[in-house]
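Look at the structure first, then read on.

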Amino acid sequence: SIDTQNMWSFLEAFPKQWEEARAQTEEIEFTIDADRVRTICFVGMGGSAIGADLIRAYCYDSCPYPIQMLRHYELPRWVDEHTLIIGCSYSGNTEETLTAVDRARARGAQAMAVTSGGALMLKAAKEGFDYIKIPGGLTPRAALGYNFVPLFRICQYLDIINEDEAEALEETNQLLAEQNGLLANSEDNEALSLAEKLDDTLPIVYSDSTMLEPVNLRWREQFEENAKTLAYGNTLPEMTHNEIVGWERIVHLTGRLSVIMLVDREDNERVKQRMKIVEELIKDQTASLHLFETRGKSRLARMFSLIQLADWTSFYLAILNSTDPTPVAKIDLLKRKLA
Ligand code: PA5
């Protein structure tokens with residue numbers, strides 16, 4: 001028997017988590033000097049990085065200065081006193097994140113942190129930079145609402161979010177609650193029937209490379225961490241300049257690859273056409289091909305509509321694989337070996 005209860009409860013409570021994070025951060029105050037900020041650098045790994053990567057992609061065309069996601073110890077040369085480095089670590093103890101924050105501060109960057117505690121929180125408290133303490137006790141990827149919403153608030157404070165997204169947090173909350181009712185229900189369930197089609201295949205996720213890039217990544221990471229299933233993905237237009245040719249010599253894998261295409265109405269028009277052609281070119285070689293369009297009005301709600309589908313699909317795939325979705329034994333082992 002496998003313990004699915006833990007992840008099930010996180011997924012079921014996700015809209016509540018979002019609402020809690022929204023309410024708790026409504027009046028939040030920051031001491032960052034917004035006028036000094038000329039670049040933003042988010043740093044984080046794995047389940048703690050995805051929230052930052054989502055906000056980076058969400059702001060890709062509204063932020064007037066460069067905004068980068070970093071998943072490493074090393075900093076780009078341009079990080080300086082005009083940079084705001086935002087360390088995201090659920091445990092607060094991830095070495096890559098701590099190192100990058102230290103190095104950026106040594107170059108005079110302003111810093112802030114989103115964490116449930118650990119060394120990152122101690123550092124912020126001791127060195128006097130802003131931090132948002134989020135509730136602990138969850139697995140990092142299940143705490144996406146707690147991780148993401150504070151980052152949205154920081155971006156609102158920095159005035160880099162489109163004005164027409166002012167109600168986006170509320171709309172997303174509503175959409176998450178509605179979708180959850182359907183996805184947690186075992187009858188007529190889109191995520192469950194998708195998981196059944198993906199079972200015993202390698203899922204490949206394709207999308208545009210702008211706002212859907214981290215959504216695409218979330219799908220793969222959730223397949224890997226929840227369902228313990230290797231997943232692959234790429235983005236357009238780049239894959240139409242190389243990877244599409246690679247499909248020519250995989251005849252031996254025909255019927256073993258499932259493709260998931262993620263699309264949004266804001267995708268570039270030429271990318272939309274490219275996606276359709278890719279679909280025609282590869283569909284005969286796939287075990288199944290699925291196209292999902294974002295739902296909702298605001299960009300934020302649309303991004304999270306597909307995140308939620310990924311989270312539930314990977315959960316059901318874990319059950320079909322007879323795997324407990326919550327533990328990540330190999331990550332824990334690796335961290336112990338490095339200690
Ligand atoms: O999902 C996980 O457990 C991992 O991907 C972690 O998020 C990752 O190892 C980083 O740890 P933390 O989120 O505590 O910074």
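A polar contact is a pair of N or O atoms within 3.5 Å; within protein, one must be able to donate a hydrogen and the other to accept it, and residues adjacent in sequence count only if both atoms are side-chain atoms. The model is predicted: local features need pLDDT of at least 70, side-chain atom pairs count only at pLDDT 80 or more, and totals for chains, interfaces and linings use all residues. Residues are numbered from 1 along each chain as its sequence is written, and side-chain values use heavy atoms, without hydrogens and water.

**The ligand**

| Side chain | Distance to a ligand oxygen atom |
|---|---|
| Ser48 | 2.4 Å |
| Ser89 | 2.6 Å |
| Ser91 | 2.6 Å |

The ligand exposes 380 Å² when taken alone, and the protein buries 92% of that. These areas come from the Shrake-Rupley method with a 1.4 Å probe.

In total, 13 residues surround the ligand. Thr94 and Glu225 are also among the closest. A residue is near a molecule if one of its heavy atoms lies within 4 Å of it. Helix 3, residues 46-58, gives the largest share of this shell, with three residues. Helices are DSSP runs (H or I) of at least four residues, and strands (E) of at least two, numbered from the N terminus.

**Glu238**

Glu238 sits in the loop between strand 7 (232-236) and helix 10 (243-246). Its side chain makes a polar contact of 2.8 Å with the side chain of Asn242.
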